[in-house]
Amino acid sequence: FTVEIRGKIPVLKIDEDHLSDYNKMLHYYNVLLLWLLLYCCSCQCAYHRTSVLLVAASLSSSAAAPAHHHEAAAGGLVSYDLKSCSNFRGFHRKWHRTFPPVSTSSMSIHNYDASSDPLKAMQIIHDSFAFCNKFLPAELVSQLLAFPFDPEAPSFLIIRNLPMDKHIPPTPFKKTVFDTEGQDAKVPIAETWLLGISRLLGHLTSPPSMGGAGRTSLIRSITQNPLDKGVILPMHRDYPRQCVSEIMAAEPEIFILMGVRSDEANTCTVVMDNRKLLQLLPRNDVKLLQEHKIVMTFQVPGSGNEEQKENTYVPMGSPFYSIDPSDETMITLFDLPNSKATSPDGGDDVVQAYDRLQKIAFENGERISLGPGDMLIINNGRLVHGRTAFDPHSEVGGDSRWLIKSYVTNTLLKPTGTDGSVGLVDYPSFYAEVQVGGKV
């Protein structure tokens with residue numbers, strides 16, 4: 001190739017007949033770097049027909065600098081790193097134009113109430129979906145669309161380095177894990193991603209414990225509370241239908257965790273694929289857990305203190321098979337801190353098998369740290385998850401770890417033009433309540 005300066009514009013002339021040989025020697029990126037250097041020196045912004053060949057080769061359309069995709073074996077880690085993805089050029093400018101600040105009386109991504117006006121909340125979700133879909137790589141969109149339905153899909157996906165809010169408010173302070181106060185802190189760009197990608201996977205749903213009004217009925221802040229210090233969150237499924245069918249009409253099939261702020265202790269979410277977990281279990285334990293039900297009990301707060309020496313436990317949910325008798329890949333763990341497993345018909349042998357199942361899942365699960373802009377998408381029926389311990393000396397609120405969470409289902413809403421046998425409630429709705437007598 002030759003370099004020619006026309007006025008102040010650098011022009012690279014390439015002999016196309018020898019381009020393939022040149023690629024073998026210098027990997028034409030070197031030529032692009034040289035052109036950029038000359039471009040900067042000339043202080044001009046222009047293209048020339050002979051340089052388009054080089055630019056197009058490495059920066060063609062929106063596929064320039066594609067997402068880095070890493071995929072492991074079945075049950076393993078599948079991740080997309082979007083840090084170098086050129087699709088996000090001008091993202092913040094376009095977001096602010098699409099979702100401008102509005103007064104507190106208006107309904108927008110900045111301020112909406114899914115409980116009092118579900119139809120307007122649906123529109124905000126759809127706006128978020130339309131916006132996010134403009135920026136995501138096509139390969140990732142295809143993977144997300146298949147994720148809820150494809151039996152060969154992974155049980156979890158990781159997306160890293162999505163564009164985030166430039167200002168992150170202090171982490172909300174929560175007194176307990178189910179506390180809905182103090183959740184007014186907003187990260188609207190992160191919430192746009194959460195709503196938009198949730199809609200790509202299905203319909204958002206609101207389990208009973210989400211509580212609150214406004215945004216908090218769809219988006220829940222996951223933060224450290226004073227009772228969490230130094231405590232591991234045991235492996236479990238969220239709202240497993242085997243345990244909570246008396247209060248929930250449908251188990252959320254998918255949920256999403258998105259990082260807003262990480263902590264210095266690098267606290268991790270732990271995920272364990274059911275198929276992988278099953279391979280690690282002693283076959284005798286599998287047999288015991290398929291034949292005998294577990295009843296989880298929860299320690300009453302305040303019991304076991306100096307005045308009341310013995311701990312008081314109450315049942316937590318319905319009895320369940322930890323390993324489904326008809327499908328051994330359906331594994332249910334339903335533990336919380338201060339919970340204890342019992343087995344009225346199986347005794348200590350079954351409880352010990354359950355405890356081994358819990359221990360094997362936690363010790364062999366994938367540790368995933370979520371930083372700002374990182375997203376973990378979980379198939380709730382195909383894996384169990386937990387959390388490593390928070391630093392016992394860490395402060396609550398402020399700069400502590402902060403995730404936001406949403407739940408997704410594809411079985412909640414009734415399609416129009418059908419006999420009503422599919423789905424549970426009419427559009428628009430985000431939850432189905434079980435009433436006395438089992439009616440939805």
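Lysine 405 is buried, at a relative accessible area of 6%, where buried means under 20% relative accessible area, exposed means over 50% and partly exposed falls in between (1.4 Å probe, protein chains only). This is a predicted model, in which local features need pLDDT of at least 70 and side-chain atom pairs count only at pLDDT 80 or more, while totals for chains, interfaces and linings use all residues. Residues are numbered from 1 along each chain as its sequence is written, and side-chain values use heavy atoms, with hydrogens and water left out.

**Salt bridges**

Back to lysine 405: its side chain meets that of aspartate 238 in a salt bridge (2.6 Å, N to O). The term covers a side-chain nitrogen of Lys or Arg within 4 Å of a carboxyl oxygen of Asp or Glu. This pair links distant parts of the chain, with lysine 405 in strand E17 (residues 402-409) and aspartate 238 in the loop between E8 and H8, 167 residues apart. Helices (H or I, at least four residues) and strands (E, at least two) are DSSP runs, numbered from the N terminus. Aspartate 238 also counts as buried, at 6% relative accessibility.

A search of the whole structure turns up eight salt bridges. Here are some of them:

| Aspartate 238 | Lysine 405 | 2.6 Å |

Aspartate 285 sits in helix H10 (residues 283-291) and arginine 356 in helix H11, so their bridge ties together parts 71 residues apart in sequence. Aspartate 285 is buried, with a relative accessible area of 3%, whereas arginine 356 is partly exposed at 36%.

Glutamate 251 lies in the loop between helix H8 (241-244) and strand E9 (254-261), and arginine 237 in the loop between strand E8 (233-236) and H8, so the pair ties together parts that are 14 residues apart in sequence. Both glutamate 251 and arginine 237 are buried. Arg237 and Glu251 also belong to a network of salt bridges with Arg241.

Aspartate 335 is in the loop between strand E12 (313-315) and strand E13 (339-342). Its side chain does make polar contacts with the side chains of tyrosine 354 at 2.4 Å and glutamine 358 at 3.3 Å. A polar contact is a pair of N or O atoms within 3.5 Å; within protein, one must be able to donate a hydrogen and the other to accept it, and residues adjacent in sequence count only if both atoms are side-chain atoms. Leaving aside neighbours within four places in sequence, aspartate 335 is in contact (heavy atoms within 4.5 Å) with Pro234, Met235, His236, Met296, Tyr354 and Gln358.

**Nonpolar cores**

The largest nonpolar core has 53 residues, and Leu136, Leu162, Trp193, Ile197, Met375 and Ile377 touch the most other members. Helix H7 (residues 188-201) gives the most to this core, with eight residues. Apart from it lies another core, of 43 residues, among them Val271, Leu281, Val350 and Ile378. A core here is a set of buried Ala, Val, Leu, Ile, Met, Phe, Trp, Tyr and Cys residues joined through side-chain atoms within 4.5 Å. Beyond four places in sequence, the contacts of isoleucine 377 include Leu144, Phe147, Ile197 and Phe255.

**Backbone and confidence**

A cis peptide bond joins tyrosine 427 and proline 428, with omega about -5°; proline 428 lies in the segment after E17. Asparagine 161 has a positive phi near 65° and sits in the loop between strand E5 (156-160) and H7. Asparagine 338 likewise has a positive phi, about 70°, and is found in the loop between E12 and E13.

Overall, the chain holds eleven helices and 17 strands, and 48% of its 440 residues count as buried. Its average pLDDT (the predictor's confidence in each residue, from 0 to 100) is 81, and 74% of the residues score at least 70.
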